[in-house]
Amino acid sequence: MPTVSLLLFVLASAPANTAPVDPKAAVTAVLDDWHQAAAAADEARYFGHFTDDAVYLGTDATERWTRDEFHAWAKPYFSKGKAWNFKATSRHIFFSKDGAVAWFDEALDTPNLGPSRGSGVLVKDADTWKIAQYNLSIPIPNDVLPEVKRRIERHLVRSQKPPKSTTGRPPAKVPAPQTPPIKERAPAQAN
């Protein structure tokens, strides 16, 4: 028993492992925790992962928010205890030569949007990685792109407010723009 006690004492007093943290593992941990914070509606933890000047780009063309604008928009969701639940199914991470900037893209499984993609930039602040930009998108399969493009164009035309008539007549209807057919291309080779 004295040998076991001595061994435990030696192990307990040994210096902690000070090996450098794998930078990919560190960025992965930040992004995973960020997504988990949204799923848990942990507002402080979620927004704590952003830089002060961060930008969040949502799926709608109007959704370009500073961190504080995004925080104000998302606050009601977090306050209700139900934000969103994104799970990365794959992720690619790259670093600047000096190791101070990381950029990534990730495939996401989302209950509300379906298969989605996130990409962004993180910057190293002392020993902590912070999200400086995040871009959420919904990849559109090439086979359905022509129809999606036509629907977006029709939506944009319909959402424009017609000019007020000065003649007392209703404004002329604006026809939906004609979209030329998109030539099918062979998919690009994966790297």
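Asp68 is partly exposed, with a relative accessible area of 46%; the classes used here are buried for under 20%, exposed for over 50% and partly exposed in between (1.4 Å probe, protein chains only). Asp68 forms a salt bridge with Arg67, the closest N and O atoms being 3.0 Å apart. A salt bridge is taken as a side-chain nitrogen of Lys or Arg within 4 Å of a carboxyl oxygen of Asp or Glu. This is a predicted model, in which local features need pLDDT of at least 70 and side-chain atom pairs count only at pLDDT 80 or more, while totals for chains, interfaces and linings use all residues. Residues are numbered from 1 along each chain as its sequence is written, and side-chain values use heavy atoms, with hydrogens and water left out.

**Salt bridges**

- The structure holds 10 salt bridges.
- One of them joins Asp32 and Arg91, with 3.0 Å between the closest N and O atoms. Asp32 lies in helix α2 and Arg91 in strand β3 (residues 87–95), so the pair ties together parts that are 59 residues apart in sequence. Helices (H or I, at least four residues) and strands (E, at least two) are DSSP runs, numbered from the N terminus.
- Asp32 is partly exposed at 29% relative accessibility, whereas Arg91 is buried at 18%.
- A network of salt bridges links Asp32, Arg91 and Glu106.
- Glu147 and Arg154 also form a salt bridge through their side chains (3.7 Å, N to O). Glu147 is partly exposed at 36% relative accessibility, and Arg154 is partly exposed at 27%.

- Ala41 is not a glycine, yet has a positive phi of about 55°. Ala41 sits in the loop between α2 (23–39) and α3 (43–48) and is buried, with a relative accessible area of 14%.
- Ala126 also has a positive phi, near 60°, and is a residue other than glycine. Ala126 is in the loop between β5 (114–125) and β6 and is exposed, with a relative accessible area of 67%.

**Nonpolar surface patch**

- Ile140, Val144 and Leu145 make a nonpolar surface patch of about 200 Å². Patches consist of residues with over 30% relative accessible area and no salt bridge, with like charges joined within 9 Å and nonpolar side chains (Val, Leu, Ile, Met, Phe, Trp, Tyr) within 5 Å. Accessible areas come from the Shrake-Rupley method with a 1.4 Å probe, and for residues only the protein chains shown count as cover.
- Val144 lies in the loop between β6 (128–137) and α5 (145–159) and is partly exposed, with a relative accessible area of 39%.
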